Amino acid sequence: MKSILQNIIASNKQVEQAEKAATAAELNNPATKDSRRNFLRKTAVGGMALGGFMSMSTEDTIAQATSKVNRASKPSELKITDLRYCIVQNVGRTPIIRIDTNQGIYGLGEVRDGADERYALFLKSHILGQNPCNVEMLFKSIKQFGFHGRQAGGVCGVEMALWDLCGKAYGVPCWQLLGGRYRDKVRLYADTPESDDLNEFKQKIKFRTEDQGYTWLKMDVSIGMLRKNENSVVNNKVWGGGFSQWAGDYNSYANTKHPFTAIQITPKGLDEMAKVVEDVRSVVGYEIPLSTDHYGHFDLNNGIRLGKALDKYRLAWFEDMVPWEYTDQWKTISDALETPTLTGEDIYLKEGFKDLIMKRAVDIIHPDLASSGGLLETKRIGDFAEDHGIAMAMHFAGTPVSFMANVHCAAATQNFLALEHHSVDVPWWESLVKTTDGRKLIDKGYAPVPLEAPGLGIELVDEEVKKHLNPKDKTFFAPTPDWNEKRSHDRLWS
């Protein structure tokens with residue numbers, strides 16, 4: 001390669017010198033017209049870049065000549081060579097994966113927040129040596145190893161990374177591979193800030209909406225806010241007097257499904273919860289959609305009572321009032337309330353959404369792309385909902401990697417409403433990546449869609465990611481040979 005280029009450069013230099021001599025002779029010729037002379041001078045200026053190029057060393061010439069060449073020039077010959085990971089301590093632990101190839105390009109994906117990187121590592125033996133551009137085929141071969149909730153994280157993370165690789169290989173953004181885009185920017189929704197002081201809260205809301213630019217907000221309306229109020233909740237003390245929905249053993253309140261706790265909200269408790277929503281709505285106003293979430297674990301009857309108490313505040317939605325799989329209960333709740341209902345952040349694959357959508361058990365679906373099946377499957381879920389007159393919002397609480405996968409999917413899905421941004425107040429969150437086209441990651445409450453940047457349109461900033469690795473696992477994309485070997489026959493039919 002080097003000797004060939006040296007010969008080419010030497011030959012080109014001879015041609016260049018002959019052309020320079022001919023140009024100089026024509027410029028000095030009294031018969032040359034002024035218009036021709038001006039033209040020759042301009043071309044001589046333009047040739048300065050070529051002259052500089054010819055004077056470079058062979059190594060510099062190679063670098064210059066290939067600086068904008070797509071090194072993945074043969075997508076049909078791409079092969080997956082490794083799957084590596086690191087774990088960022090963001091919302092809990094969030095594994096980022098990297099799929100490497102034989103052509104030097106790689107794809108980034110993310111195992112859902114709070115999930116185990118081994119969900120993805122287990123899949124390596126099923127994709128090693130395969131062409132990453134066959135995204136749908138590879139997805140169908142691994143989707144059996146995912147399930148609802150965080151267990152889908154490995155399959156979805158791999159799917160994200162495959163689309164990133166495919167986009168880079170063919171030089172197009174992921175939304176283009178999904179069929180094109182409906183929008184140039186994606187609307188985000190963010191949590192309301194917290195403060196017990198009303199004046200301070202007003203200032204924080206003003207900062208969130210005017211300075212940060214968010215046009216859609218969400219707040220928790222939990223029975224946890226009643227923990228200091230006597231006679232507000234029935235049957236709480238038997239659960240140890242706790243209100244936590246997140247921490248506990250298998251038999252704890254946190255892990256007992258809503259219909260099985262026998263907790264009820266008293267009229268006093270309903271009034272107090274409604275007063276909190278009223279105070280927030282009075283500060284936010286009615287132009288901004290205000291969604292609600294995390295009410296606590298109580299049955300559909302109390303859910304309907306709470307919903308009716310809050311209907312008058314014109315909330316954007318009631319989220320996850322009962323577990324998503326109780327389709328008939330969701331239908332009962334939705335039929336009883338004026339406020340839209342929403343669920344779906346833990347549902348895996350389109351099949352999991354079909355019953356909710358076809359029975360119109362909820363008014364809005366809410367997939368988390370890192371659980372629902374990745375970019376293409378989530379778009380299919382959105383399209384199926386659109387066919388039935390149901391909108392789609394998107395749940396998200398991870399790093400900028402999964403965030404950008406969501407942005408591409410949202411851009412390509414017509415019935416999309418808004419995408420959650422859970423780390424709006426984390427100062428270092430955006431610094432984990434850089435955009436490959438120079439755009440802002442977030443701009444005044446919206447995510448600009450990368451219009452030209454291939455793949456997801458981001459690259460990791462390694463030094464920043466290393467600052468925020470999980471303290472129990474500082475691995476940073478080390479090779480993973482222990483996961484190369486496939487040991488089982490996984491066909492689901494005989």
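Strands S12 and S13 (residues 416–420) pair in the parallel sense over 2 bridges, where pairing requires that DSSP find at least two bridges between two strands. This is a predicted model, in which local features need pLDDT of at least 70, side-chain atom pairs count only at pLDDT 80 or more, and totals for chains, interfaces and linings use all residues. Residues are numbered from 1 along each chain as its sequence is written, and side-chain values use heavy atoms, with hydrogens and water left out. Helices (H or I, at least four residues) and strands (E, at least two) are DSSP runs, numbered from the N terminus.

- Buried means under 20% relative accessible area, exposed over 50%, and partly exposed in between (1.4 Å probe, protein chains only).

**The S2–S3 hairpin**

- Strand S2 (residues 92–101) pairs with S3 in the antiparallel sense over 5 bridges, and Ile99 stands opposite Gly107 in S3.
- The two strands S2 and S3 form a hairpin with 4 residues between them, and Gly104 in the turn has a positive phi of about 85°.
- Strand S3 (residues 106–110) is mostly covered, with 4 of its 5 residues buried.

**Salt bridges**

- The structure holds 33 salt bridges, each being a side-chain nitrogen of Lys or Arg within 4 Å of a carboxyl oxygen of Asp or Glu.
- Asp82 and Lys124 form one of them, at 2.5 Å from N to O. This pair links distant parts of the chain, with Asp82 in strand S1 (residues 80–90) and Lys124 in helix H5 (residues 124–127), 42 residues apart. Both Asp82 and Lys124 are buried.
- Lys168 and Asp164 meet in a salt bridge at 3.3 Å, N to O. Because they are 4 residues apart in helix H7 (residues 153–170), about one helical turn separates Lys168 and Asp164. Lys168 and Asp164 are both buried.
- Glu464 forms a salt bridge with Lys467, with the closest N and O atoms 3.0 Å apart. The two residues Glu464 and Lys467 are 3 apart in helix H17 (residues 462–467), so about one helical turn separates them. Glu464 is buried at a relative accessible area of 18%, whereas Lys467 is exposed at 56%.

- Glu194, Asp196, Asp197, Glu200 and Asp220 form a negative surface patch. Patches are made of residues with over 30% relative accessible area and no salt bridge, like charges being joined within 9 Å and nonpolar side chains (Val, Leu, Ile, Met, Phe, Trp, Tyr) within 5 Å.
- Glu194 lies in the loop between strand S4 (185–191) and helix H9 (198–211), and Glu194 counts as exposed because its relative accessibility is 69%.
- Ile205 lies in helix H9 and is buried, with a relative accessible area of 3%.
- Ile205 and Pro193 are 12 residues apart in sequence and 6.8 Å apart in space, C-alpha to C-alpha.

Terms used. Areas by Shrake-Rupley, 256 points an atom, 1.4 Å probe, with all protein chains shown as cover. Lys, Arg positive; Asp, Glu negative; His and termini not counted. Charge placed at Lys NZ, Arg CZ, Asp CG, Glu CD.
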